[in-house]
Each structure stands twice: as C-alpha cells, then as structure tokens.
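Reader: Can you walk me through this one, cut-offs included?

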Amino acid sequence: MDGGTITQVNQIFQNHVALSSSRKLQGGFRTFSTSEDFSAKKCVPCNAKDLRPMTEETANELISKVPDWNLVNESGVLKLNRSWKVKSFLKGLELFRLVAEVAESEGHHPDLHLVGWNNVTIEIWTHAVGGLTENDFILAAKINGLPLQDLLRRKAKN
Ligand SMILES: C[C@H](O)[C@H](O)[C@H]1CNC2=NC(N)=NC(=O)C2=N1
C-alpha cells in the first residue's frame with residue numbers, strides 16, 4: 001500500500017465508531033465507542049505508538065457524551081473546551097486544584113486559563129498527536145463529575 005492508501009485506510013478505521021461496550025483495536029488502531037461512559041474509563045499514555053487524532057466526524061459523534069463541553073477547531077487542531085464563572089480568584093485556583101488531581105491520576109493534562117479574575121476556561125486536547133483522542137473525552141467526563149458547585153458564581157435571577 002502506498003502512503004495515500006494507508007492514510008485512507010486510517011481514516012476509515014478512525015471514522016468507525018464501535019458499537020460494543022469496550023475499546024477495540026481494529027487493524028491495530030484504536031477506535032471509539034458511542035455507548036460508553038467515559039468517566040468510568042482510564043486514560044492511556046499519550047506516547048502510545050498506535051494513538052492517532054480522531055476525525056472531526058468522530059469528535060462530533062462523541063461530544064454529546066460530555067455535556068457542557070464544546071468542540072472547537074483551532075487552526076486545524078480539534079480541542080474540547082468548557083468555561084465556568086467562579087465566585088473569586090481563589091475559588092478559581094481551588095477548581096484548578098481539583099482538576100489537577102484528576103489530571104495527575106490520569107496522566108493526562110488540560111490547559112488551564114483563569115482570566116479577568118473569575119473566568120475559568122479549560123481546554124483539553126492531546127498535545128502528543130495534535131488533536132483529540134479518547135483520553136480527552138475521559139478527562140472531560142471526569143471533570144464533569146467533580147463537585148464544583150460551591151466554587152461557582154450563582155446565575156443571576158431575573
Ligand atoms: C507520557 C505521558 O502520557 C505524556 O507525556 C503526556 C502527559 N500529559 C499529556 N496531556 C495532554 N493533554 N496531552 C499529552 O500529549 C500529554 N502527554
């Protein structure tokens with residue numbers, strides 16, 4: 001197979017969304033499942049040789065599994081992001097501390113932003129592959145499971 005055909009085959013494998021409940025290896029590449037709870041999974045090391053960034057099509061299928069996260073394409077690099085308004089600067093740092101514990105235990109790390117004293121944005125992508133992998137969805141799902149409510153500014157009532 002020439003390079004072009006291999007790329008096409010890779011695309012086909014990566015576009016394949018497994019319906020089973022466990023991660024599959026198809027033709028040596030990781031595939032992604034629609035039916036799984038990402039928060040129950042564990043991140044794999046990002047330096048694994050068979051790790052490839054998923055296509056935008058796959059990312060679009062998986063984004064609904066991580067409520068409140070957005071899919072963004074930054075100059076061709078797919079990323080997940082989510083924003084919160086915190087009660088104070090220190091509460092923002094507390095939020096980062098909770099997120100950092102998840103990140104350290106998963107060995108997968110988000111980009112953390114605390115801007116204008118109370119605006120927190122977290123971006124998640126896999127630096128090693130320049131795009132999204134299942135790891136990013138696992139980390140996003142685990143962040144969604146954190147008890148952040150007391151750190152957040154309450155929404156203004158009308
Ligand atoms: C070996 C280890 O998995 C890597 O160095 C990790 C650490 N955390 C990481 N986090 C993220 N988001 N992307 C990476 O490529 C990455 N690499």
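Reader: Is helix α4 (residues 134–144) enclosed or open, and how many of the 11 residues are buried?

Author: Bear in mind that this is a predicted model, where local features need pLDDT of at least 70, side-chain atom pairs count only at pLDDT 80 or more, and totals for chains, interfaces and linings use all residues. Residues are numbered from 1 along each chain as its sequence is written, and side-chain values use heavy atoms, with hydrogens and water left out. Among the buried ones are Phe137, Ile138 and Leu139; helix α4 is largely enclosed by the rest of the structure, because the buried count is 10 of 11.

Reader: Which strands stand at the edges of the open sheet?

Author: Four strands line up as β5-β6-β8-β7 with antiparallel pairing, where a pair needs at least two DSSP bridges. Each edge strand has a single partner, so one side is left without a neighbour in the sheet: these are β5 (70–74) and β7 (111–115).

Reader: What is the bridge partner of tryptophan 84 in β8?

Author: Strands β6 (residues 77–85) and β8 (residues 119–124) run antiparallel and are joined by six bridges. For tryptophan 84, the partner in β8 is valine 120.

Reader: By class, how many residues of each kind are in the lining of the largest pocket?

Author: Ala, Val, Leu, Ile, Met, Phe, Trp, Tyr, Cys and Pro count as nonpolar, Asp, Glu, Lys and Arg as charged, and the others, Gly among them, as polar. That gives six nonpolar, three polar and six charged residues.

Terms used: Helix = DSSP H or I, 4+ residues; strand = E, 2+ residues; numbered from the N terminus. Buried < 20%, exposed > 50% of the residue type's maximum accessible area, 1.4 Å probe, protein only.
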